[in-house]
Amino acid sequence: MSVAVIACGALAAHVHEIADRRNLTLRIEPINPLLHNRPEGIAPEVEKMILELQPTHDQVAIAYADCGTYGAIDALCDKYQVSRLSGDHCYDVFATAEKMKAEFEAVPGTYVFTDYLVKTFRRSVMTEMGLDRYPELRDDYFHSYKRVLWLAQHQTPELEAAAKDAAELIGLPLEIIQVGDKHLEEQLLKLIGAPSE
């Protein structure tokens, strides 16, 4: 059975790792992760990929949470009879919705990093939001935040240094929680109907 996974670009590397680890044959098609800055553009890109992949694959799965689309991805899932990862955002995918709810309740004003955002922060946030050109906007964008919470999938000294640098750029203290990719793996296997053991 041929399976294609349309993946958020921020999750695609993790999906590849899981596929390799599990010896799964998947066609993984990433969507530009910078669309998270303009989430109204996510569903149209996902729909294009669904239309391209469904004629040539037995199954198409969507490696996205809702990701700020306000149900637009769910509407595509209904329209094309495909399924997506559960959760409101990739933080739920990595840490579970229950854990994220507890973290947001414990510290309202939590800004969240994943490994992807740590690696790409200067481009994804500083450049895309204009902070490299207008640093005075930092306080306008981040004045309500109290901390940065890094949901570390694969913590390394290099990524930890990058996370500290990114937190310093926006003037927030950094906290780290090790989450790995176990929850993503469980969801992905369920999504494509692969055995978990």
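**Entry 1: the helix contact.** I looked up which residues meet where α6 touches α8. From α6, I noted Asp115, Val118, Lys119, Phe121, Arg122 and Met126. From α8, I noted Leu159, Ala162, Ala163, Asp165, Ala166 and Leu169. I then sorted the residues of this contact by class. Eight are nonpolar, four are charged and none is polar. I remind myself that this is a predicted model.

**Entry 2: how the helices cross.** I checked where each helix runs. Helix α6 covers residues 115-127, and helix α8 covers residues 157-169. Their axes come within 8 Å and cross at roughly 40°. That angle is why I call α6 oblique to α8. I also looked up the hand of the crossing. α6 passes α8 in a left-handed crossing.

**Entry 3: the largest pocket.** How much space lies in the largest pocket? I found about 680 Å³. Next I looked up the lining, and 26 residues line this pocket. Of these, His36, Asn37, Tyr91, Tyr111 and Leu117 lie nearest the centre of the pocket. By class, the lining has 18 nonpolar residues, seven polar and one charged.

**Entry 4: who supplies the lining.** I asked which helices and strands each supply at least two residues of the lining. My list has α4 (90-95), β5 (110-113), α6 and α7 (138-142). Which of them gives the most to the lining? It is α6, with four residues. I had already met α6 in the contact with α8.

Technical notes
Residues are numbered from 1 along each chain as its sequence is written. This is a predicted model: local features need pLDDT of at least 70, side-chain atom pairs count only at pLDDT 80 or more; totals for chains, interfaces and linings use all residues. Side-chain values use heavy atoms; hydrogens and water are left out. Axes are lines fitted to C-alpha atoms, for helices over the stretch in contact, and angles run from 0 to 180 degrees between N-to-C directions. Angles under 35 degrees count as roughly parallel, over 145 as roughly antiparallel, 65 to 115 as roughly perpendicular and the rest as oblique. A crossing is left-handed if the near helix is turned anticlockwise from the far one by less than a right angle, and right-handed if clockwise. Contact means heavy atoms within 4.5 Å. Ala, Val, Leu, Ile, Met, Phe, Trp, Tyr, Cys and Pro count as nonpolar, Asp, Glu, Lys and Arg as charged, and the others, Gly among them, as polar. On a 1 Å grid over the protein atoms alone, a cavity is a set of points where a 1.4 Å probe fits but cannot get out, and a pocket is an open set with protein on both sides within 12 Å along at least five of seven lines; lining residues have an atom within 4 Å of a point. Grid points are joined across faces, edges and corners, and a volume is the space filled by probe spheres set on the points.
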